[in-house]
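Here is a short report on one protein model. Keep the sequence and the 3D view open as you read.

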Amino acid sequence: MSDAKPSSAEGIPKWQIALAVGGTLALGAAGVWYFTRKTSKNDERKEPDGGPAPEEQADEPIPEPEVELSPLEKAQGAKNKGNKYFKGGKFEEAIKCYSEALEVCPDTNKKEMSTFYQNRAAAYEQLKSFREVVDDCTKALELDNKYIKALFRRAKAYERIDEKKQCLEDVTAVCILEGFQNQQSMMMADRILKDMGWEKAKEKYKNREPVLPSTHFIKAYFSSFTEDIISQPLDKMANDEDKDQEGEAVEAEEAPPGDYLKAKRYFQEENYDKIIGECSKEIDSQGEYLAHALLMRATFHMLMGQAPLARPDLDMVINMDTADKKLRCNALIKRGSMLMQRQQSEEALQDFQTAVDLDQENSDVYHHRGQLNLLLDRVPEALRDFEKCCSLKPDFALATVQYNYTQYRAAMLQRSAMQVQDAMKQFEESISKFPDCAEGYVLYAQALGDQQMFDKADDNYKKAISLEPQNATTYVHRGLLHLQWKQDIDAGLSLIQKALDIDDRCDFAYETMGTIEVQRGNLEKAIELFNKAISIAKTEMEIAHLYSLCDAAVAQSEVAKKYGLRPQAMM
């Protein structure tokens, strides 16, 4: 699959999760802030947030020289003079004036002192003296710890000197104190979270313990291919040497050591942990099935989250001119999926185009490129790919229902009630045609929940579970539906817990429970759940996303403690 997840719920992209959550929850791509944020009518900060101007007050008339000025009046006069220099672009002179204001201002006038420090920080910012910006904003905040302009300016300075943790804490405080009303501060928080997430994910991914996913996950992944030679039944490729005199297949333990056919038998027996070793023997001996062994070994390295080990094998198959073109196309699809996981979307799309050029009648290429295009929100392109796949394989249930869902998404983007109605009708026809396709019920349930048709959506989730009782993520989606529908958090969490009872390596379940705990204000519990999900996540992209959620919760927890806020007050 294009995102290296199986087709049923485990392959549901994050935007589909958001559709399932609806108004109750919103599982954003990189920040916990989006659970509660409200859209500001004016995205621009009024003063002097990100703009160059320092805090401005009406100039006060300067008394005649013979009148004795108070220290505060002298300070205000110096500040006003500094503001004029600032507006004229004379930042060094402005700094001198603000410094003079600070020297003469009485210590008891804390509000005015904090303003002078913040204004001087604005001038330092224009000179790109970011360490001085941090120092002056810190002094301003010591005098007024909820001074939003100083917090935001210090956050920007921390970002420029690459102190992301401190930046995140400051911009989180800004978001909370502003009531999540300002798009500029929320966008900055999202950006920092993504950057921190990817930095941590790279290190975590490099040192993680490789673990095979569940049997259901592996089977669902391979079911997303119809032209994959390595997952075809053994009897389709076995030759006469693989049978005894009576024509019976030889048992796996009787196969020659290192034979790729032995790995194939292990695959059919779902004895997955022995496959890489047998493929390696075939590769080392340069056996008859070299290309097959390379592709199968690469596939299982991918499933275990070992992309660096999978990449050389895929490259070899792709560049092997003598290999079956179906093998080469499959390798291109999987390499493209890996590139997408690393956010290298242009390179990923190029691999898919190369696969199309190699075999224009390969339905898998269009199916998986359609999924990639959906991840990129390229809905028209996804529609064309799924349509082509279905024309080549009209009996491919999985591609058909994903095509239906893409039609539904396109209709929603067009805000066309008639197109939505047509898409829902297509869903019903596909489910009637493919009554045993659990993915169809899951995707149809998401569309129904989106339209507040909760009873019918729940019935479809129940049907999907009856078809695939070992699919843990369907329970998670049903739990989210109940949260949206009945606002019953305990019932929703109970359904999600069932997912973990089935598969304790379901990172999606831990992630979802974590986001629910954030909404409830249980930040410490949320952090624990996010860390659990991080420990078992399969791809670098997923790990980065989970770190973003975890770091957001940590930052909110720290801000709550610092400002004496109850977590619920932030939501």
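## Histidine 301

Histidine 301 sits in helix H12 (helices are DSSP runs of H or I, at least four residues; strands are runs of E, at least two; both are numbered from the N terminus). This is a predicted model: local features need pLDDT of at least 70, side-chain atom pairs count only at pLDDT 80 or more, and totals for chains, interfaces and linings use all residues. Residues are numbered from 1 along each chain as its sequence is written, and side-chain values use heavy atoms, with hydrogens and water left out.

Is histidine 301 buried or exposed? Histidine 301 counts as buried because its relative accessibility is 9% (buried means under 20% relative accessible area, exposed over 50%, partly exposed in between, with a 1.4 Å probe and protein chains only). Leaving aside residues up to four places away in sequence, histidine 301 touches Ile276, Gln306, Ala307, Leu309, Ala310 and Asp313 (contact means heavy atoms within 4.5 Å).

## The second largest pocket

Ala307, a contact of histidine 301, turns up again here. The second largest pocket has a volume of about 360 Å³. Its lining counts 20 residues, and those closest to its centre are Tyr205, Ala307, Pro308, Met338 and Arg342. A pocket is found on a 1 Å grid over the protein atoms alone, as an open set of points where a 1.4 Å probe fits, with protein on both sides within 12 Å along at least five of seven lines; lining residues have an atom within 4 Å of a point. Grid points are joined across faces, edges and corners, and the volume is the space filled by probe spheres set on the points.

Which helices each supply at least two lining residues? They are H8 (183-207), H12 (290-303), H13 (307-318) and H14 (325-341). H14 gives the largest share, 4 residues. By type, the lining holds 9 nonpolar, 4 polar and 7 charged residues (nonpolar: Ala, Val, Leu, Ile, Met, Phe, Trp, Tyr, Cys and Pro; charged: Asp, Glu, Lys and Arg; polar: the others, Gly among them).

## Serine 548

Serine 548 belongs to helix H26, residues 540-563. Its relative accessibility is 2%, so serine 548 counts as buried. Aspartate 195 is 353 residues away along the chain, yet the two C-alpha atoms are separated by 8.4 Å.

## Two loop residues with positive phi

Glutamate 270 is not a glycine, but its phi is positive, about 65 degrees. Glutamate 270 lies in the loop between H10 (260-268) and H11 (275-284). With a relative accessible area of 36%, glutamate 270 is partly exposed.

Glutamine 487 is another non-glycine residue with positive phi, near 55 degrees. Its loop runs between H22 (472-486) and H23 (489-502). Glutamine 487 is exposed because its relative accessible area is 53%.

## Cysteines

How many disulfides does a search of the whole structure find? The search finds 0 (a disulfide is a pair of cysteine sulfur atoms within 2.5 Å). Cysteine 105 is buried, at 4% relative accessible area. Cysteine 167 is buried too, at 0%.

## The whole protein

The protein has 26 helices and 0 strands. Of its 571 residues, 57% are buried. Take the contacts between residues at least 6 apart in sequence: 63% of them join residues at least 24 apart.

The protein exposes about 25300 Å², and carbon and sulfur atoms supply 47% of that area (areas come from the Shrake-Rupley method with a 1.4 Å probe; for residues, only the protein chains shown count as cover).
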